[in-house]
Amino acid sequence: MWIYQKNLEYPVKVCGPNPKLAKVIITQYGGPDGELSASLRYLNQRYSMPTDKARGLLTDIGTEEMGHMEIVATIFYKLTRGVSPQQMEAAGLGGHYAQHNHALFWNDANGVPWVASYVAATGDPITDLTEDMDAEQKARATYEHLIQLSDDPLITDVLRFLREREIVHFQRFGETLNDVQGFMNSKKFF
Amino acid sequence: MDKNQENPQAQKVTTTAYNNNNQEDMLLEIQQLQFTAIELNLYLDTHPDDQQALMSYNSIVPQLKQRIASYEQLYGPLFHFGLSTSQLSWQWINSPWP
Amino acid sequence: MNYYPYPNIPVMPGTPLKPGSSTQDFEFQLAHAYVPWQNMGQVFSPAEALTRGTLFPELVMPYIG
């Protein structure tokens with residue numbers, strides 16, 4: 001069960017419409033290392049985790065990632081609000097406009113739609129936790145690229161928040177990997 | 001209700017200053033406390049016996065609940081599905097939505 | 001509360017190692033990944049935590065791009 005809370009985890013403000021920036025930021029909505037991938041990856045992998053601690057952590061980080069998807073959605077929405085079809089086209093969002101108008105869609109910065117194969121679930125907890133750490137690093141790197149591309153200081157501020165979350169999540173997944181490796185070893189020895 | 005209610009001019013000139021009646025400012029306080037809870041929550045997931053973290057988490061909970069109750073009194077429910085009540089009409093559907 | 005003998009030793013607090021061994025006997029295994037355990041110390045205020053994206057000063061690693 002999930003309960004919705006009617007506010008963002010981090011407030012989103014924009015300096016003004018900016019479809020060019022929206023076009024690249026959408027990758028953190030529906031790209032391979034985006035927040036949809038992250039939330040679904042963790043919430044799906046928790047069933048095959050061997051410890052309650054790992055299940056708890058994946059539930060909590062997966063839930064936070066859904067909040068991050070909401071933040072990225074809000075960014076895209078605010079950056080494209082009131083933007084004309086011509087301006088969308090000029091920013092490289094002509095294809096997006098043709099298919100979705102001003103609606104959101106899960107695709108990457110090049111318009112490639114989200115696919116489930118962005119997410120792995122091997123059922124091996126060491127492998128899956130290592131993938132989670134890898135996913136956090138890829139998301140961190142992507143946020144750094146987006147910070148480089150951002151010409152809106154208010155959006156850069158949000159991107160910095162989201163990037164720092166990847167670092168904290170990496171630490172927690174790493175601690176969980178330590179823990180799960182210890183658990184698997186103890187099963188071998190006893 | 002503080003001085004800003006009596007003096008509407010004050011509200012206009014102090015948009016960046018702290019204003020307890022402002023919807024965004026009240027929400028920001030909730031966001032700050034809740035973020036602290038999120039951080040402690042994730043830390044406790046991997047350090048479940050850390051008494052300092054546990055005490056900090058437990059001390060945030062009533063503060064957060066109190067801020068949410070005050071916010072909801074003025075601006076309507078933050079939660080659906082039976083976790084918040086609604087006064088007069090069904091305020092859940094009202095703006096602001098994220 | 002500390003469970004581990006030294007900060008940053010990747011021993012799971014409370015996880016049994018081999019019988020009779022202590023956490024000091026922990027050995028890193030080849031072909032395994034480890035992350036140092038975080039030990040919570042001083043933390044940021046709620047307002048500063050949200051601004052920085054973490055409650056923990058030791059996890060602040062800003063991007064200098």
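Where in chain A is A:L104 found? A:L104 lies in the loop that separates α6 (94-100) from α7 of chain A. Helices (H or I, at least four residues) and strands (E, at least two) are DSSP runs, numbered from the N terminus. The structure is a predicted model, in which local features need pLDDT of at least 70 and side-chain atom pairs count only at pLDDT 80 or more, while totals for chains, interfaces and linings use all residues. Residues are numbered from 1 along each chain as its sequence is written, and chains are lettered from A and ligands numbered from 1 in the order in which they are written.

The secondary structure of chain A consists of 8 helices and 0 strands, and its elements follow the order α-α-α-α-α-α-α-α from the N terminus. With a radius of gyration (taken over C-alpha atoms) of 18 Å, close to the 16 Å given for 190 residues by the globule rule (2.2 Å times the number of residues to the power 0.38), chain A is as compact as a globular protein of that length. Along the principal axes, the C-alpha atoms of chain A fill a box of roughly 70 × 30 × 30 Å. Of the 190 residues, 46% count as buried; a residue is buried if 20 or more other C-beta atoms, placed from the backbone, lie within 10 Å of its own, exposed if 12 or fewer, and partly exposed in between. Two residues are in contact if their C-beta atoms, placed from the backbone, lie within 7 Å. Among the contacts in chain A with a separation of 6 or more, 77% join residues 24 or more positions apart.

A:L104 is partly exposed, with 18 other C-beta atoms within 10 Å. Leaving aside neighbours within four places in sequence, A:L104 is in contact with A:Y29, A:A73, A:F76 and A:Y77. A:G30 is 74 residues from A:L104 in sequence, and their C-alpha atoms are 9.7 Å apart in space.

Chain A also touches two other chains. Contacts with chain C involve 23 residues of chain A and 19 residues of chain C. On this side of chain A, α7 (125-149) and α8 (153-189) each supply at least two residues, and α8(A) gives the most, with 18 residues. The side comprises 8 nonpolar, 8 polar and 7 charged residues; Ala, Val, Leu, Ile, Met, Phe, Trp, Tyr, Cys and Pro count as nonpolar, Asp, Glu, Lys and Arg as charged, and the others, Gly among them, as polar. Towards chain B, 22 residues of chain A are in contact with 18 residues of chain B. Here α4 (52-80) and α8 of chain A each supply at least two residues, with α4(A) giving the most, 8 residues.
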